[in-house]
Amino acid sequence: MIRIDSVTKRYPDGTVAVDRLSLDIPDRAITVFVGPSGCGKTTTLRMINRMIEPSEGTILIDGKDILKEPVNTLRRSMGYVIQNAGLFQHRTIIDNIATVPRLLGWDKARARDRARELMGRVGLDPALAKRYPYQLSGGQQQRVGVARALAADPPVLLMDEPFSAVDPIVRKGLQDELLRIQDELGKTIVFVTHDIDEAVKIGTKVAVMRTGGRLAQFAPPAELLTDPADAFVEDFLGADRGIRRLSFFPAAGLPLLTTPVVAVDATAEQIAARATPDVPYLLVTGLDGRPLGWGEPHTLTAGRIDPARLIGHGRPFEHATESLRAALDCAVLSPTGWAVAVGADGRVTGVVSQQTVAEAIRSAHAAAPADEKAAR
Amino acid sequence: MNVLHFIQQFFSDSAHWHGYDGIPTRLREHVQYSLIALGIAAAIGLPVGLVTGHTGRGGNSLALIATAARALPSFGLLVLMFVLLGLGHLPVMIPLVVLAVPPILVTTYEAMRSVDPSPVDAARGMGMAESRILFHVELPVALPLILSGLRSAAIQIVSTATIAAYVSLGGLGRYIVDGLYQRNYEKVVGGASLVAVLALVTLGFFWAVARLTVSPGVRRGH
């Protein structure tokens, strides 16, 4: 555990970057520092590896004061990832990743073996090993930055706005990759970002900081969205926090209707049997079980339904893995107001109406906050 | 009578290829003066430039000294040194070194300052010692620019080393100074063209050094 104990950073000109900050960063979890620029989040991160020395207070790692250790020994025990990756442009990708093992005195062959292993772990093509940084895209460079930080298998990983310089699609990929790597490795990660959505997505706990280096709230993301400590946090979270909070509730509990679903080769009896007054449309699936679209029962010609004449079904959601937010989104975007649920194989498992999603949201809120975190 | 004719005359005269005033001797002397001057200038300019560039301190005073040094006329300095110190290598070396230090010092400083700060931050954050950051992170990236500073210093030295002949020393300047005195223009043009060829060889040498020492990851864009 990293304990930050009433730490203050004051600069000679009197500016206070961090003001009496106290919090415990849990082991094997992602702790995110988030806040507007000038809130002291990066300063806090850089005090953990002593890139900046605190003016007052102490930082303890597993009970040991970080000032008691030689600074470079401390830094080598922590991975460090920065915004533009900060790769060494004169070194190949593999030698960039092998940097810290080499600093620790590993021989070249062993360090390179380790680097190759890490390239696989962060999803880099092994063919890139002998390339130079300028030959890689921004997203790939950032993966190299993460691999380099992980190379000596440090227990702690410090990440300073690592994904803010890449475009949103690449960023989402990198975030998913980080969560996957974290599932495998279980590092103690301290992550700084100015993007509240990123904080809520990847954080186990989120520390919201306000200008002047004060801690506004330190809580798991679901709690942050449900119960912001004050007007500043509420404002920082943005207007749609209610909707975003739904991403912490699993869709798996939604009751699905399987009756209004017919195959494309359905007989007249099947169509007639499945058309009920409370469901104005039937979902037609292909012979492979994938959704084709919606149709009113009387327009469906038995035995040879024309897929071109069906109404679009919108994006389906994965019932077992996605959240109520995804289900609601699908229902809202669907032309019929009904969301289509699919399994991991893309086959339709049922349909659900906006009303059913709304009821599920109400009962989830009533049961909260008991198992919110499980939805992640 | 044109320049090419002079050159042909000069180089085809077998007397110019032997003895203490032969081309091999004069060329060796010239190269020797140049290497010594470049060596001293680099020994001053490189460490100071690397350290000030790495720390970022002292840039202003550096620029001031460099500008002042550039304003000194080499020939005037030579005569002054000759008057003060008498005959010998030292009065020649001082103006050559004074000439060569500013381009080495200033470009080395600028090269180090222009290194992207984020790899340096990453290196420091992963626990690299400052000296290792300087030599293994900054220097390889700054190298093309540093070499260009050394190259322009070397070329200035090679062309200016001709003035050594004014104070009775050797080198290719001998042909120019003696030739002018004797009104032997064949000798003047021959000496001048040898200096020009030596300057081109110097260019080629630095090109080869850059090819061998600059990483392909850095070379792009330079």
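Some conventions before I start. Residues are numbered from 1 along each chain as its sequence is written, while chains are lettered from A and ligands numbered from 1 in the order in which they are written. Since the model is predicted, local features need pLDDT of at least 70 and side-chain atom pairs count only at pLDDT 80 or more, whereas totals for chains, interfaces and linings use all residues.

Chain A, then. Its domain assignment gives domain 1, 2–247, and domain 2, 252–366; bounds of this kind come from an automatic or database domain assignment. Taken over C-alpha atoms, the centres of the two domains of chain A are 42 Å apart. Four residues of domain 1 and five residues of domain 2 make up the contact in chain A, where contact means C-beta atoms, placed from the backbone, within 7 Å. On the domain 1 side, the residues are two nonpolar, one polar and one charged. For those classes, Ala, Val, Leu, Ile, Met, Phe, Trp, Tyr, Cys and Pro are nonpolar, Asp, Glu, Lys and Arg are charged, and the others, Gly among them, are polar.

Next, some strands of chain A. Helices (H or I, at least four residues) and strands (E, at least two) are DSSP runs, numbered from the N terminus, and two strands pair if DSSP finds at least two bridges between them. Strand E1, residues 2–10, runs antiparallel to strand E4, residues 56–61, with five bridges joining them in chain A. A:Asp5 has A:Thr58 of E4(A) opposite. E4(A) also pairs with strand E5, residues 64–65, again antiparallel, over two bridges. There A:Ile61 has A:Lys64 as its bridge partner. E4(A) and E5(A) form a hairpin with two residues between them, and A:Asp62 in the turn has a positive phi of about 50 degrees.

Buried means 20 or more other C-beta atoms within 10 Å of a residue's own, exposed means 12 or fewer, and partly exposed is in between, with C-beta atoms placed from the backbone. The largest core has 112 residues, and among those touching the most other members are A:Leu324, A:Ala327 and A:Val357. Both domains of chain A give residues to this core, so it lies between them. Leaving aside neighbours within four places in sequence, A:Ala327 contacts residues including A:Ala251, A:Phe317 and A:Val352.

Now chain B. Its secondary structure is 10 helices and zero strands. Of its 222 residues, 40% are buried. Its C-alpha atoms fill a box of roughly 65 × 40 × 25 Å along the principal axes.

One residue in detail: B:Gly170 sits in the loop between H7 and helix H8, 173–182, of chain B. B:Gly170 is partly exposed because 18 other C-beta atoms lie within 10 Å. Not counting residues up to four places away in sequence, B:Gly170 touches B:Arg26 and B:Glu29.

Last, the contact between the chains. Chain B gives 18 residues and chain A gives 20 residues. On the chain B side, helices H6 (117–125), H7 (130–160) and H10 (216–219) each give two or more residues. H6(B) gives the most, with six residues. By class, the chain B side has 10 nonpolar, five polar and three charged residues.

Note on methods. Two residues are in contact if their C-beta atoms, placed from the backbone, lie within 7 Å. A nonpolar core is a set of buried Ala, Val, Leu, Ile, Met, Phe, Trp, Tyr and Cys residues joined through C-beta atoms within 7 Å.
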